[in-house]
Each structure stands twice: as C-alpha cells, then as structure tokens.
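Please read it with the model open beside the text.

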Amino acid sequence: MNFLTHLAALTDGTLILASTERVARHLKMQSSLLQSVDGKKAWFAKGKILTITSWLESAWHDLMPDEQLLYPIQELAVVKSVIDQSGLLPANMISSTNAARRISQAYSLVHKYQIPMDRERFAFKDEFEAFFKWKEQLAAVCAAKKFVFRAHLPARLLQAINAGLLDVPEKIVIVGMIDMNPAERAVFQALQSRGTELIEVSTEGEKATPRMVRAHNAVAEYAELAKWVGEQLAPYVETPLAAPTIAILVADLRTQQTPLLEALSLHASPGSLLPAGDNGEVRAPWDISSGATLGSKPMIRAAMDILSLTPQKAELESLSRVLRSRWISGSMAEGACRALLDVWLRQNMGLNMGGNDFLRAIAAYKGGAVPDFRARFAGHLEAQITGASERYPSEWAEHFNLSLEGMGWPGQRELDSAAFQTLKAWEEALALFRTLDGQLGSVPYARAFMWLREIVDTRQFQPRISHVAPVSILGYEDAIGLTFDAVWVLGAANTVLPERAEPSPFIPTDLQIAAGIAEASSEATLIRAQKVVAALLSTSESVTVSCASHNEKGAPLGASELFGTWPSTSPKIESKGLFIDQMLGTLNRAVFDPEEVPAVSADELTTLKGGVAIFKNYAESPFFAFAKNRLQAEMFPVPVIGLDPQIQGTMVHLVLELFWRDVRTSEALKAMNDEELFDKVQGHVGGASEKLLNKLTWRYGARLISLEQMRLSALVVEWLELEKLREFEFEVLGFEEPHEIKIGELSLTVRIDRRDRVFLDADKKVYRDVVHDYKTGNTLRKNGLDARKMTEPQLPIYATQIDLQGKGVASIDGVSLAQVNSKSLGFHTRSNFAPALIKKGKGETPPLSAFEDAWHEQRHEWATALGTMSSGFIDGLANLQLRGNTYPIGYEYLADLAR
C-alpha cells in the first residue's frame, strides 16, 4: 500500500482519488510535505487530490450541463415531496421524513449497482410495488425539472466519456477503496479504454500481526488505550514534533468520542483538563476527524433554540437554554437576573405555552428586570407575526439571520478559532438551505425550520485545530489508505466486524445480493469485514486491537474473530490515571479539622426565613434546617406536567374557607340535601377561582382550569360528607388566622388554617376549641405528631405557643391533621376530650379526665421538643440524622451537600 511514489511524482495530468474526505486531506498534507522537501512551494503542487464523489461532481460541472445537480438535502426534499403526494404511504404514518431517507437510499442503490427494475420482481410485496412506482415518479420529476441526483452522475459521465465530451486525465490513482460500485467502475473502465493510466492502490498491504487486548469492560478498554498512548508520547514531551504518528480507530465516533476523550485526558494528557488558551483552543495531543454534527455544537444549538421559539409554540427547555446562553447578547449584564427568571418560569410553567405566553410571563415576573432580553425576545416573536406566513427557503434564511441578529447571536465575546469555524459552517448550512427554493417552494415557518434542522443535524463538522497533534482519532474506514507509526483498533466486537446485514426493505433481497451490495446478506458483510480487517492491519507495522468482555450494561460482548485468537481477559485496571493516582491515598482521614457551624448571630436572626419550616426541616434532620433555612439551599425547580400541586392545595384551602365563612355550623351543613350542598360548593369554587385559578388561564388554559374546578367540587363535597359524621356538633370560628409567636429566640409568623368550637353537650355549654391543619397530599405520617418522632411540628406549635386569650379562648384543647385527598380522607386528632372527631366502634368513651391528663402531658412533651429544636438550631447544631439510609421525599437534592 505504498503510494508515496505516486505523491512524489505528481504531474498536472495526474488525479489522485481517495475514498473519504479524511483520506484526501491526509494525502494533500503528505504531498505538500514531499514537494516542499524538493524545494517546491505547497501552493504550486501539481496534480489534484479529491474524493471520488467530489471528482464526479466537478467533472459533471465541467461539462457545463443545463441540468441541476442536487445536493443530498435537495434530493431528500424531492423524494419526500414525491412520496407525500403519491398516496402510497400508510395512513397512520406520523412523519414521512425518515421513510424518505430510506427510499432515497434505495433509489441510489438501484442506480449505483445497476439493479434491473423488472416490474414482475417488484409485484409481490407492498413495499416493493410502492418503490417501483416511486422510482418511476422520481424519474419523471427529474426529467421534467432537469434534476440530477448524485446517483445519476456515473451513468451521465459514462455517456459523456463515450461521446468524447470529457477531458480524459493522463493518470488516475485510486487510494483507500475497498469496494467500488458497478456504476463508478464502468466510468473508470471507460477512461482506461480511452488512454487513462488507472492505478488502484491495494488497501491490503503487508499485514501486521496484531497485539490483542481483551479488556474487562469498556471503561477498562479506554483506560488500557489511554495508558498506551501516554507511554508512546512520554519520551517526546520536550520534542512534540518528533513524536510518532498514532491512530486510534473507533467503530462509532458519535457514541465513543466522549468516554474516549475522558480516558485520554486523565491517563495521557492531564494538561488538556486545564482551561483553554488565549485562542480558546485546548492543546490536546489528538485530532478528531469527525463524529459530531454541526447541530450538536453549543453555538449552533443556541441558534436553533432561538429559532424554535414561535408565538404559538415554545418548549421551556429551549427557552431556558436561551436565557442562560452565553451566545446571546446581554448574557454578562443580565446573566444573574436571567438565571433567576429561568427558575421562576420553571416554578410557574403552564401547559402548551407558546412564545407569547412566555413573553407575558416575563412581564409578570416580579424579580430582577431583564429589559434587554425582553425587548429582543418580543422583537423576535413580532417578526414572525408581521411577515408573510409562507416564504421561500431563501427568504426564510434572511429572516433567520435577522432573528438571530436581533437576539444578539452569537454574543458579544470575541470568537475563538473553533467558534469562528463553527460560524462559517453555519453560514454554509444556511447557503445550502437557500438552495431548497426549487424543491420546497413557499412553505410556512415550521416546515422551513424543520428542513434547516435536518441540515444542521446531519452535517458532520469538527473544527480544525491549529497545532500539530500526533494522535489521530478516526473511524475504521477513514483510516483505510493511510499509514501510521502505531495504530490501536478500539471496540473490535463481533457486532461491528462483521456488521449486521441490513438489506433495503424496498428492493427484493435476492436482487441486492446479485448486485453485490455488501449490506444485503450476512455472507457479503463477512467478506467486506474481512477486507476491512486486512486493510486496518496494513495501516501500520504496530497494530493493537482491543475489545471489552462486557458492554456498559454488563452483558457479555463477543470479540471479532477476524483479527485472530483472543487472549483471556486482562486484569481490571484500578488506576484512575497518573493525575488522580498521585492524589489518591495521600489524604490521612484520621487527621482533619472538625467542621463547626457557627451559632445564629443577632443579625442573621433578623433575616432568617422559613417560619414553621425551620422546625419541620430540623425535625427531619438538623442538617436539613441548616442547609435550607440558613444556606438557602433549594432544589432547582422541575416543571410540573399539569396543575401545580401547590396551587391545587391553595385552592382547597380557599374553597373550604369560603364555604365555612358562609355556612359556619355543623347543623347548617347537615340541613342541606345533596343538591343544595353541591350547588353551594360549586358556587364557592367559582368564588375561589376568581381569586386565583382564573388568573392563571395564560398558564394552563380554560379547559384544564374547568376540569380542575370540577375536581375541586367533587373533592370538597366528599370531604364535607365526612365532616357530617363527626361525633360532636361544631362551629367554625376562625379562618386563616395570623399569629406572631416566639420559640426560644426564633420569631415566627404562623397562620392557622381553621379553628373550631366543638360542643360536648346538647345545650352547647360545654365546649372545646380545636385547631385544624389541612393536608392535601396523599401521604401522611400519623406518628409525625409524636414528640420523639415529630415530623409535623405545625400543630404542636399551634397547641403550645399561640395565645388566644384575646379571642376568649383560654387554651387550645385539640389539634387535627385534616387530610383532604381523594385517595385518603380523614382526621388524625390529639385532644383533651376524645380520641377522634369521628367515633369508631360502639364502645364507651373513657371519662374526660383521662384525655385531659394525656393532653397535658402531650403539650408538655411538645413544648420541650420545640424548645430543644429552637436552641439546637440557634446554637448551630447541623448533624445529619437520617431515619434509614434514604433521604426523605423533598430532601434528596441535599445529599450532595452532605457528602
């Protein structure tokens, strides 16, 4: 596979054709180097080096044809248009884009492999019959509009060669081609017959005997590789230009790139973990050929997020990324306020919100102002409303540019090399998008955006690095035709070499096999895999091949036997890389400075927030109260699908407050029949909705609010039916009563949900005062009122700390957790007069004195426990006490702080 002699002897009539762009780029670099050694300037290099595909295109354009050669995205648009209008697609198909891709591939195969289109061979299966008709329709469209697919080029060029219309090169050298399809083969045979010297450099040279590594798992495999790379480069730290050329060949760059780079950074180049240099480039010793798409780059993702926000439709995650993006103007001046706005929007997220809804929400935000973002976002939405609803892609491209410019994209920072290259690639993508005018015509915004996304999400892009990198990270076939000092073939599993046979579903499989399509059968894929393996083993005299014994899920993974016999599994690597290994084990855990939380100062007392929540958090664990109420550590809000449970709970409180302000007594409640009760509740649901729910129409929509009102009516009626079963008559005296209290040094403002007067006799001369706390959740720990296991301190605080003498109440006689939830309705009561508000069983009730003594003892235990909590919190007690090994619901996010 020695083609350096051909590179050194290039003439103006010589054409070197490579299999891939990566191989062509490598050959250009080698040619420039060889000619510079001979004293020639690189820009005066003789001959041309292209990929076969790009040469076919350039040769076609040199003929000055009157037909339009389509780009791949244009081909896809034509195919999609044909199949959409054909009436042959299934009625239940959601999107035809993916089907169009598969059909376009099948259409190309027919032309490249010259598959005979015999109608009878396509008549026994729906997919075959549909494809036969689609091919005819595509041929008719291409003839009528003078379109040329890339699959048509070999046949067109063959006609031009035979007609003497094409300038014939003196010599063609083909490098890195394992298989050439029949259509392309016919073109080169025709050139050869007309005097062109054709040289095909064999992909199989002198094969190396590979070193085989069977790693324990994928992580160990990456570590083995990274360790090897580090050993290869270690002698050349001071002279990096003298380092050997190394290739890391991977089966799938898209999935393997991230873990591979992590391993290389830790084991081979810890310096790459440091911040980027002045030009924004991390000087890592590797160069990645491809793998990522243009749409995956942060700058481009920010642009697509902006363009995805429309007046009628906008995803919160997209808006969130735009708000926090450094690629948007004003990110430095308004960054903090925009981040807080993002949190607020997540807390107040509604259903099916569009850009206009979010704009109104931003206007309603009471936090720090974001005038720059608000003005830019409003202009972005306004431009979509005022312009024409349907435009040509070239017109939409100008609109996209103006929208991005209006939002201040790509930001105010100076672009580094990688960002500048990415911006140029975006401009090229927009230029490609503009070419779709003839295929798409005038389209609405959503369809134009879909096609732009198709372009950026399928275009491979990797910024070029400015420094010399001795390590090249390539796909398997990108390396065929190249040579290196050392090569490592990563992930050589038997699911990769050979690949699984995947014949096209639109062409009879036997026709595909007869045509020589490698993907059509397992036998053909095996033959191709054998050629690939032989080519890979010819890329260097030193080749290492590795495969993990288990995949990332722990399932056994077979190694490809095409490389030879594999050794037993290597020992599991314990090293984390020299960078980390040098730090591990150096920490003496027996010697440490004890961490102390300072006591709450007088100044901090004035700013403390949380109220009763301080005691609830402290009851779960002193550390939780410290983290949440002193450090203000809150979980990043997650948007709720449907109504916010907090709003639902507030509405239950409101409805019950309005009902009891109106009805007041249990006698009045029992006097109402079912219809009267429902009408009364429904009226108060309407009144409560006017105070809260109806104001959130922008967030949830009228339909969901109507459904919630129906649910509220049914739930409250069910709850009131339960209240009718209470043993004693009662009167509701207080609603949402505020009280200022002090427990130890902690001052709190509390609000009692409801206060009842319970009458123990028919004359209503003997009575007790009970405080209720509504709970609308479906989980409730009833032992949460126990002083030793207290997790619901709110009612104990009411029972022991509130002074109601001003309202004519000597003391509170009982407390009740009132669970108002459709899955669990009921009271959990502690009092000095009864074990429960609703009598259970028919046994006799113990005398009042028995309850009074227990109640007195209960209040004393509560007061003592609350005093201990208050003093512990003030003194800075912050130890972590968990009931079990798991964090309680709502506290899980604090686990990271407690490590």
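Lysine 146 lies in the loop between helix H6 (126-145) and strand S4 (147-148). Helices (H or I, at least four residues) and strands (E, at least two) are DSSP runs, numbered from the N terminus. The model is a predicted one, in which local features need pLDDT of at least 70 and side-chain atom pairs count only at pLDDT 80 or more, while totals for chains, interfaces and linings use all residues. Residues are numbered from 1 along each chain as its sequence is written, and side-chain values use heavy atoms, with hydrogens and water left out.

**Backbone features**

Lysine 146 is not a glycine, yet its phi is positive, at about 60 degrees. Its relative accessibility is 39%, so lysine 146 counts as partly exposed. Buried means under 20% relative accessible area, exposed over 50%, and partly exposed in between (1.4 Å probe, protein chains only). Lysine 764, also not a glycine, has a positive phi of about 60 degrees. Lysine 764 is in the loop between S16 and strand S17 (767-775), and is partly exposed with a relative accessible area of 36%. Most residues other than glycine have a negative phi, and most peptide bonds are trans.

Where do cis peptide bonds come in? One joins tryptophan 409 and proline 410, with omega about 10 degrees. Proline 410 sits in the loop between helix H16 (393-406) and helix H17 (417-434). Another cis bond runs from leucine 497 to proline 498, with omega near 0 degrees. The loop between strand S13 (486-489) and helix H20 (509-515) holds proline 498.

A further proline, proline 210, is in the loop between strand S6 (197-200) and strand S7 (211-215). With a relative accessibility of 17%, proline 210 counts as buried. From C-alpha to C-alpha, proline 210 and glutamate 541 are 8.8 Å apart in space, though 331 residues apart in sequence.

**Salt bridges**

How many salt bridges does a search of the whole structure find? The search finds 44. A salt bridge is a side-chain nitrogen of Lys or Arg within 4 Å of a carboxyl oxygen of Asp or Glu. Three of them are given below.

| Salt bridge | N to O distance |
|---|---|
| Glutamate 67 and arginine 156 | 2.6 Å |
| Arginine 324 and aspartate 342 | 3.0 Å |
| Glutamate 334 and arginine 338 | 3.1 Å |

Glutamate 67 and arginine 156 meet in a salt bridge. Glutamate 67 lies in the loop between helix H3 (52-62) and strand S3 (68-69) and arginine 156 in helix H7 (residues 153-162), so the pair ties together parts that are 89 residues apart in sequence. Glutamate 67 is partly exposed at 25% relative accessibility, and arginine 156 is partly exposed at 24%.

Arginine 324 and aspartate 342 form a salt bridge. Arginine 324 is in helix H12 (residues 316-324) and aspartate 342 in helix H13 (residues 331-347), so this pair ties together parts 18 residues apart in sequence. Arginine 324 is partly exposed at 47% relative accessibility, whereas aspartate 342 is buried at 0%.

Glutamate 334 and arginine 338 are four residues apart in helix H13, which means that about one helical turn separates them. Both glutamate 334 and arginine 338 are buried. Elsewhere, a network of salt bridges links Asp179, Glu477, Arg528 and Lys531.

**Aromatic rings**

Rings of Phe, Tyr and Trp (its six-membered ring) pair if their centres lie within 6.5 Å; planes under 30 degrees apart count as stacked, over 60 as edge-to-face and the rest as tilted. The count by this rule is 26 aromatic pairs. Phenylalanine 124 is exposed, at 57% relative accessibility, but phenylalanine 128 is buried, at 5%. The ring centres of tryptophan 855 and tryptophan 862 are 5.8 Å apart and their planes are at 90 degrees, so this pair is edge-to-face. Tryptophan 855 and tryptophan 862 are both buried. Ring pairs also join Phe122, Phe124, Phe128, Phe131, Phe132, Trp134 and Phe506 into a cluster.
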